[in-house]
Amino acid sequence: MEPGSARSTNRHEQGDGSPGKPLGDGCVHLCVDMQRMFAEPTDWQTTWMPRVLPHVRRIAEAHPERTIFTRFIPAARPGEGRGTWATYSERWADMTRERLAPEMIDLVPELARLVPPAEVVDKTVYSPWLETGLDARLQARGVDTLIVTGAETDVCVLAAVLGGVDLGYRIVLATDGLCSSCDEAHDALLLMYRMRYGHQVETMTTAEILDRWR
């Protein structure tokens, strides 16, 4: 086989990431971990979160009643957690709840004021789909499409996207509403979504999303 000849039969082959069908009543905005501990000076600060926050806020304000915010809840103390999560909480001991100011777990104020009607789902791992009941809540509302924003593109957002894909959701990524503490990983993930997940993941700007979400 000639190098690259498998492209024509690659079942994951992606288009150009261009927008697909309109966003309708079955759409919910899933905003991942836009919390103070990532926005403010801590060991986990994502320095360009403030740059994407205006885009995330625009989407959330457009339909707060159809927005769900996730929050990552750190371990209570160093060494807590199953398997590698125990060593993770030891590595990031200053980010455990016994050392971190409680308010740092909160959503950033610009988004916290939208709750309610927006909802909050707390999680203790990267994925929002494990032991949260999120899928059941979405199914009860007839949701089939998720607009995804938040942090970090290559960690918790990645877990949210791939879990959503596995559950059959149409995923729409707001490219200007995602952030990471690693520019290279952020860029690589956006390329991967466009090149490998075209049937299930679409990429749009905030403006394109709001133009289609009525």
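A: E131 lies in the loop between β3 and α5, where helices (H or I, at least four residues) and strands (E, at least two) are DSSP runs numbered from the N terminus. The model is predicted: local features need pLDDT of at least 70, side-chain atom pairs count only at pLDDT 80 or more, and totals for chains, interfaces and linings use all residues. Residues are numbered from 1 along each chain as its sequence is written, and side-chain values use heavy atoms, with hydrogens and water left out.

Phi of E131 is near 60 degrees, a positive value in a residue other than glycine. With a relative accessible area of 86%, E131 is exposed; on this scale, buried means under 20%, exposed over 50%, and partly exposed in between (1.4 Å probe, protein chains only).

The aromatic side chains come next. Ten aromatic pairs are found in a search of the whole structure; rings of Phe, Tyr and Trp (its six-membered ring) pair if their centres lie within 6.5 Å, and planes under 30 degrees apart count as stacked, over 60 as edge-to-face and the rest as tilted. The F72 and W85 rings have centres 6.2 Å apart and planes at 35 degrees, so this pair is tilted. Because F72 belongs to strand β2 (residues 67–72) and W85 to helix α3 (residues 84–91), the pair ties together parts that are 13 residues apart in sequence. F72 counts as buried at 5% relative accessibility, whereas W85 is partly exposed at 23%.

W85 also pairs with Y126: their ring centres are 5.1 Å apart and their planes stand at 65 degrees, so the arrangement is edge-to-face. Y126 sits in the loop between β3 (119–123) and α5 (134–140) while W85 is in helix α3, so this pair ties together parts that are 41 residues apart in sequence. Y126 is partly exposed, with a relative accessible area of 31%.

Ring pairs link F72, W85 and Y126 into a cluster that also includes F38, W44, Y88 and W92. Over the face of W92 lies R91, at 3.8 Å from the ring centre; a charge sits over a ring if NZ of Lys or CZ of Arg is within 6 Å of the ring centre and within 35 degrees of the ring normal.

The loop between α4 (109–112) and β3 holds P116 and P117. The peptide bond from V115 to P116 is cis, with omega near -20 degrees, and the bond from P116 to P117 is cis, with omega near 15 degrees.
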